[in-house]
Amino acid sequence: MYLTVVVGESNADKFLGDRPIIRASGFTAVDCEFAGVIAGKGAELEVKSALGVIVDGETFHQKIPRGIQLITCGISSKNTVSITSRTANKLTLSLNRGIRTISGVCEPLEQPVDVSEDADEFDVMSAFAAIVLSGL
């Protein structure tokens, strides 16, 4: 069973619907091979195992152990997840390269999503990445 762990300051969980979520603030150790970890602002992680760690590609600088996917989110197409277009109430998110999910591999794709005008882009991108990790 897939689980999302949200660490630090993030409201990504409000975009995850009724999926299983654990919230943590401050330092968190994760050892769950079926977890997608969202590292919000101020997150301090010790990751022993996880399906993937989802981070802000512009600001996250902690080391993640080999073998654990690092999924970066940001405005650059070099990130794993980026935004290809934005209007007042819609973002088009792009998965720029294939990632391992709980059910196999998800190849690159684009997905339009409805959002409020003040939605935090990292929260939306990280929730999208967590949903993709869960096998959709």
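**Entry 1: the fold**

How many helices and strands are there in the protein? I found one helix and 12 strands. I note at the start that this is a predicted model.

Next I looked up the order. From the N terminus, the elements run β-β-β-β-β-β-β-β-β-β-β-β-α.

**Entry 2: overall size**

I checked the extent of the chain. The C-alpha trace spans about 40 × 30 × 30 Å along its principal axes. Then I looked up the radius of gyration. A compact globule with 136 residues would have a value near 14 Å, and the protein has 14 Å, so the two agree.

I also asked about burial. Of the 136 residues, 47% count as buried. For contacts, I took those between residues at least 6 apart in sequence. Among these, 43% join residues at least 24 apart.

**Entry 3: the cores**

In soluble globular proteins, nonpolar side chains tend to be buried together. I went to look for such a group here.

The largest nonpolar core has 28 residues. Which of them touch the most other members? They are I38, I54, I71, V81, L93, L95 and L133. I then traced the core back to the elements. β7 (69-73), β8 (81-87), β9 (90-95) and α1 (121-133) each supply at least two residues. The helix α1 gives the most, with 10 residues.

There is also a second, separate core. It has 16 residues, including V30, A50, V55 and F60.

L133 is in contact with Y2, G36, L51, G52, I54, Q69, I71, I99, R100, T101 and I102. Two of these names, I54 and I71, also stand among the core residues that touch the most other members.

**Entry 4: the largest pocket**

Rolling a probe the size of a water molecule over the atoms shows where empty space is left. I looked up the largest pocket. Its volume is about 290 Å³. It is lined by 16 residues, and the closest to its centre are E9, A39, G40, K41 and F122. What kinds of residue make up the lining? I noted four nonpolar, seven polar and five charged.

**Entry 5: K41**

K41 is one of the residues closest to the pocket centre. Where does K41 sit? K41 is in the loop between β4 (35-39) and β5 (44-49). Is K41 buried or exposed? K41 is exposed, because its relative accessible area is 61% and the cut-off is over 50%.

Beyond residues up to four places away in sequence, K41 touches G8 and E9.

A24 lies in strand β2 (residues 21-24). Its relative accessible area is 19%, so A24 is buried, given a cut-off of under 20%. Leaving aside neighbours within four places in sequence, A24 is in contact with V6, V7 and G8. A24 and A43 are 19 residues apart along the chain, and their C-alpha atoms are separated by 8.8 Å.

T92 lies in strand β9. T92 counts as buried because its relative accessibility is 15%. Not counting residues up to four places away in sequence, T92 touches S82, I83, T84, S85, E110, Q111 and P112.

Notes:
Residues numbered from 1 in each chain as written. Predicted model: local features only at pLDDT ≥ 70, side-chain atom pairs only at ≥ 80, totals over all residues. Heavy atoms only, no water. 1 Å grid on protein atoms, 1.4 Å probe; cavity = no way out; pocket = protein on both sides within 12 Å on 5 of 7 lines; lining within 4 Å. Points joined across faces, edges and corners; volume = space filled by probe spheres on them. Nonpolar A, V, L, I, M, F, W, Y, C, P; charged D, E, K, R; others polar. Core = buried A, V, L, I, M, F, W, Y, C linked by side-chain atoms within 4.5 Å. Buried < 20%, exposed > 50% of the residue type's maximum accessible area, 1.4 Å probe, protein only. Helix = DSSP H or I, 4+ residues; strand = E, 2+ residues; numbered from the N terminus. Contact = heavy atoms within 4.5 Å. Rg over C-alpha atoms; globule rule 2.2 N^0.38 Å.
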